[in-house]
Amino acid sequence: KAKLSHGGGSKKSSITYKSPHGRTFYTGLSAIQFMIKNRKMFTVIEIEIMRMNLKFDGWKSETYLPDGWMVCKYKKPNLQNGDGFYYLSEKLRLFESTKSATEFMKANGYNQEEIEKVQFTIETSKKLVTIKTSKKLLAIKTSNKLLGKDKYIWEDADSSLPKGWKKRIAEGDGKVEFILSPKGVQYRSRFVAVQDMVKNKSNKKDVEDMKWCMMSHEGWELS
């Protein structure tokens, strides 16, 4: 028998299984492992039906796997990166890593092409996850930097800067002024800001306003 339990709030629904002998299992995998160990108690059809139920626990038959094999992806603990993979052979033998699964295939005469297909697919999947994670972290860091979210307190600018710009004073060997554009780009001087604005083809009026501030507050003159 199978019983569906509905989770409350954000919890997922789960299925529990009860054997004809009164034993309860909380995953299809634990149920089918029990059935394999006690084959004399179950028919082939009963075992196959339970195999079909594994999809409710996240198990899938994939084209890159040998016939009859299944794979289940799981999240590794917080101290480790990425996803892990469990495998079930056509005879429902469990493998807890890609390495142990492919080593079993090599030792038991599986086609080399099949083995390489599994290894290539999983390695490619891991690399894509790593690239996506790295890009996400880089985007967050870049965004924080551009938006000035790097522990600095910015002040609304006075007449020394165009409308919408901000500034801060860095304390060190001497006081250094930094300015922040409305788009969140930080500059060490108005001169550098003007150069970047011209390079990026900013609005002409905005460029002229910054040039005026540069001449008024940084001592530049038109020649």
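Residues are numbered from 1 along each chain as its sequence is written, and side-chain values use heavy atoms, leaving out hydrogens and water. In this predicted model, local features need pLDDT of at least 70 and side-chain atom pairs count only at pLDDT 80 or more, while totals for chains, interfaces and linings use all residues.

**Exercise 1. Get to know the chain: how many helices and strands are there, and what percentage of the residues is buried?**

Step 1. Start with the elements: the chain has 6 helices and 10 strands. Both are DSSP runs numbered from the N terminus: helices are H or I with at least four residues, strands are E with at least two.

Step 2. Now look at burial: 29% of the 223 residues count as buried, meaning under 20% relative accessible area with a 1.4 Å probe, protein chains only.

**Exercise 2. Trace the open sheet of 4 strands: what is the strand order?**

Step 1. The order is 7-8-9-10, with antiparallel pairing. Two strands pair if DSSP finds at least two bridges between them.

Step 2. Walk across the sheet. Strand 7 is joined to strand 8 (residues 166-170) by 2 bridges, and E155 has K167 in strand 8 as its bridge partner. Next, 5 bridges pair strand 8 with strand 9 (residues 176-180); here I169 is partnered by E177.

**Exercise 3. Explore the largest pocket: what is its volume, and which residues lie nearest its centre?**

Step 1. A pocket is an open set of points on a 1 Å grid over the protein atoms alone, where a 1.4 Å probe fits, with protein on both sides within 12 Å along at least five of seven lines; lining residues have an atom within 4 Å of a point.

Step 2. The volume, the space filled by probe spheres set on the points, is about 320 Å³.

Step 3. Of the 15 lining residues, W165, K183, M197, S202 and D206 lie nearest the centre. Helix 5 (190-199) and helix 6 (204-218) each supply at least two residues of the lining.

Methods. Buried < 20%, exposed > 50% of the residue type's maximum accessible area, 1.4 Å probe, protein only.
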